Amino acid sequence: MQAHHARRQARARGVRPSPVQDVIRRAKPLLGTVVEVRIDDAHPPTDGAHERALATAFDVIGRVDALMSVHRVDSDLSRLHAAPPGDAVSVHPWTVRVLREAQRMHAITGGLFDPTVARLLVEHRLLPRPPGPEAEPDARLSDVVFAGPTTIVKKRPVWLDFGGIAKGFAVDMAVLALRHAGVRNGVVCAGGDLRVFGCNEQPIHVRCPDAPNQIRLIGMLGRGAAASSGNYFAESFDRPAHVSAIQSPLASARPEGAQPGVTCIAPRCIWADALTKVVTLAGNKSPAAQRALLAYHAYAIAS
């Protein structure tokens, strides 16, 4: 495992990619950002197979958005919010997977990663108020339990936001759809979340937190995922620069060790996505971040 980790670090520090031939690239607005799906080394198909693969990848991403967005009144999360405490809510298996991953990250980080941060985000006008009863200030992720394989119950009024993890899951599922369609090399990128698969490598560029109009190359990535987070363009979203969209019920104020911009490299994008929130909140060298990075075979780079 250490050798594999070292090879991954070496790639991220500047190994040049193999030449890419016959690239097919498409982009669509999804997940509140622009999602790009790319197939590398694609010989011109005669039966439209690559276009169908691309369409399937976008459909998968759109499905994740429909299931887990707090902005959609018919999403699984909105139906959970609208239900009275104690009522069982049936959800999609993908929602179950994301919730279970969030619960694991929550446990590993001692509660720092917590989707119940939705209450704080609503308070700061970064999210719309969900339907249903007002979330209780001390309600936590432990108040959301499974009553069956795809059935969720909230024991108390609580609001969830999967904005810190669902985008990475959507990227992973799009990659899986492409591979099932026979695509061997490609990239799926959704804003700051990216996953590369196959034998080609992808340059990783990140925004500079103090100058978000500028980007810099931090290395190359092959067969893995990268996610970047930072308090970029706060003024463009009509919020003070000190009010971050990355928050936690355990860290409502940014601690001394917090990072202004973070990129996490991990085998899966769902892990990289969530880990950027942990490292941003607690700092790369904090016990919570170190436990999580080790558990997910990941590492972090401060911007």
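A cavity is a set of grid points where a 1.4 Å probe fits but cannot get out. In this predicted model, 3 cavities of 30 Å³ or more are present.

The largest cavity holds about 60 Å³ of space. Its lining is formed by Thr116, Val117, Arg119, Leu120, Ala135, Glu136, Pro137, Ala139, Arg140, Val158, Trp159 and Pro249. Sorted by class, the residues around the largest cavity comprise 8 nonpolar, 1 polar and 3 charged.

The second largest cavity holds about 40 Å³. Asp76, Leu77, Leu80, Val91, Thr95, Leu99, Ile152, Leu160 and Phe162 make up the lining of this second largest cavity. Of these residues, 7 are nonpolar, 1 is polar and 1 is charged. At least two lining residues come from each of helix 3 and helix 4. Helix 3 contributes the most to the lining of the second largest cavity, namely 3 residues.

Helix 3 (76-82) and helix 4 (93-108) are also among the elements that cover the buried residues of helix 2. Helix 2 itself spans residues 49-68, a run of 20 residues. The distance from its first C-alpha to its last is 29 Å, close to the 28 Å expected at 1.5 Å a residue. The buried residues of helix 2 are His50, Ala53, Leu54, Ala57, Phe58, Val60, Ile61, Val64, Asp65, Leu67 and Met68.

Conventions
Residues numbered from 1 in each chain as written. Predicted model: local features only at pLDDT ≥ 70, side-chain atom pairs only at ≥ 80, totals over all residues. Heavy atoms only, no water. Helix = DSSP H or I, 4+ residues; strand = E, 2+ residues; numbered from the N terminus. Expected span 1.5 Å × (residues − 1). Buried < 20%, exposed > 50% of the residue type's maximum accessible area, 1.4 Å probe, protein only. Contact = heavy atoms within 4.5 Å. 1 Å grid on protein atoms, 1.4 Å probe; cavity = no way out; pocket = protein on both sides within 12 Å on 5 of 7 lines; lining within 4 Å. Points joined across faces, edges and corners; volume = space filled by probe spheres on them. Nonpolar A, V, L, I, M, F, W, Y, C, P; charged D, E, K, R; others polar.
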